[in-house]
Amino acid sequence: MSSEKMTDSLVCRICNNTEGNKTYQVKEMMFGMREKFQYFQCNKCHCLQICDFPQDMSKFYPENYYSFGKYDGKKFKGISGKINRQKYTQLVSGKSPFLRKMAGTISGTDLFFILKGLPMSKDTKILDVGCGNGKNFLYPLAEIGFENVHGCDPFLAESIDYENGLQISKSNVFDVKGLWDIITYHHSFEHIPDPLDHLQKVFELLAPGGICIIRIPTVSSFAWEHYKTNWVQLDAPRHFFLHSKESMEILGEKSHLELFKTIYDSTHFQFTGSERYIQDIPLITPNPKGPVAVFQRKMKKREYSHTAAKLNKEGRGDQAAFFFRKPFEIKK
């Protein structure tokens with residue numbers, strides 16, 4: 001699936017290096033299109049990036065790729081809705097690690113670990129860039145009383161106004177105005193062709209001391225080293241940039257943002273997805289049915305989850321949250 005070779009003709013878009021860069025041929029495998037794309041990894045900052053941006057990306061984002069329709073909010077309706085608000089309150093601001101873990105298990109996901117320990121209140125202004133319909137992050141925040149949360153996504157069919165006060169604009173970050181305390185990118189930063197421009201705009205939008213949190217797949221990982229072009233989170237051609245620790249530091253420096261913390265949050269997916277690609281099985285292919293197959297998947301998932309947790313502790317997981325802070329004073 002991969003053809004690796006050296007080249008000195010490609011310019012890294014992050015650090016401008018041209019020497020010793022390696023190229024790779026990668027197939028689209030989420031939907032099994034198997035169309036081939038060229039990527040190269042910078043020999044200096046290690047960022048993996050697509051060689052040429054496809055002119056038309058629409059076919060790689062079919063209707064079943066992501067839900068951009070308005071969320072119905074059913075999780076927060078009726079008696080169960082009151083219970084779910086309590087769960088999300090624990091996820092966002094709960095002091096007890098046990099209750100936070102329980103709430104995360106019950107809710108199925110904990111995107112709110114990124115907010116732990118940050119100075120914030122219900123008045124904190126939070127912007128999520130590339131948020132889709134806001135179902136998993138912004139909508140729960142609005143439901144538990146956060147009054148200044150907003151999202152933007154240029155791929156929405158139209159802007160969305162929710163009854164709980166959440167507004168999501170059909171726009172990109174360059175259209176946003178005002179000052180924000182927290183700006184987040186939840187696995188959207190790898191899809192943009194101009195990461196430096198985005199972070200420079202983020203710098204303008206952040207209040208002094210404000211924080212930008214970017215959750216992305218990273219090549220500074222065991223999964224990339226081990227699977228290479230079969231790595232499920234490479235996700236050609238939708239992911240334009242697969243950043244390294246070094247490339248994120250460079251982007252921060254160029255944007256006058258301080259990278260002050262990195263949390264690895266990889267899961268079993270780096271293994272379960274990549275192993276499918278090794279067998280040339282598209283990600284959307286249904287899993288085999290039957291009790292034996294289900295039991296085997298459950299055991300493998302448990303094993304892979306344990307390995308993922310170990311890799312996260314070692315700083316080698318295949319996805320991470322990078323925390324940037326806007327200084328109160330800019331050094332000249």
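Leaving aside its neighbours within four places in sequence, with which residues is F189 in contact? Contact here means heavy atoms within 4.5 Å. On that basis F189 is in contact with P195, H198, L199, I214, I216, H243, M248 and L251. The model is predicted: local features need pLDDT of at least 70, side-chain atom pairs count only at pLDDT 80 or more, and totals for chains, interfaces and linings use all residues. Residues are numbered from 1 along each chain as its sequence is written, and side-chain values use heavy atoms, with hydrogens and water left out.

F189 also belongs to the largest nonpolar core, which has 55 residues. Such a core is a set of buried Ala, Val, Leu, Ile, Met, Phe, Trp, Tyr and Cys residues joined through side-chain atoms within 4.5 Å. Buried means under 20% relative accessible area, exposed over 50%, and partly exposed in between (1.4 Å probe, protein chains only). Y39, I183, Y185, F189, I214 and L234 touch the most other members of this core. Another core, of 31 residues, lies apart from it; Y71, L91, L166 and I211 are among its members. In soluble globular proteins, nonpolar side chains tend to be buried together.

Helix α6 spans residues 245-254 and contains S247. Helices (H or I, at least four residues) and strands (E, at least two) are DSSP runs, numbered from the N terminus. S247 counts as buried because its relative accessibility is 0%. A polar atom of its side chain lies 2.9 Å from the backbone nitrogen of S244. Beyond its neighbours within four places in sequence, S247 is in contact with I14, C45 and C47. M248, I250, L251 and G252 of α6 are buried as well. The cover over the buried residues of α6 includes α4 (195-205), β10 (206-217) and β13 (319-325). Just after the helix, H256 takes a positive phi of about 65 degrees.

Two further buried positions were examined. G132 lies in the loop between β5 (126-129) and α3 (138-143). Its relative accessible area is 0%, so G132 is buried. Y88 sits in helix α1 (residues 78-93). With a relative accessible area of 4%, Y88 is buried too.

Grid points are joined across faces, edges and corners, and a volume is the space filled by probe spheres set on the points. The second largest pocket holds about 480 Å³. T272, R276, N287, R297 and K300 are the closest to its centre among the 19 lining residues. Helix α7 (269-278) and helix α8 (291-314) each supply at least two residues of this lining. The most, six residues, come from α7.

The structure holds two cavities of 30 Å³ or more. K27, W231, D235, A236 and Y277 lie nearest its centre, out of 13 lining residues. The second largest cavity has a volume of about 30 Å³. Its lining consists of Y71, K75, F76, Y88, K135, N136 and P140.

Key:
A polar contact is a pair of N or O atoms within 3.5 Å; within protein, one must be able to donate a hydrogen and the other to accept it, and residues adjacent in sequence count only if both atoms are side-chain atoms. On a 1 Å grid over the protein atoms alone, a cavity is a set of points where a 1.4 Å probe fits but cannot get out, and a pocket is an open set with protein on both sides within 12 Å along at least five of seven lines; lining residues have an atom within 4 Å of a point.
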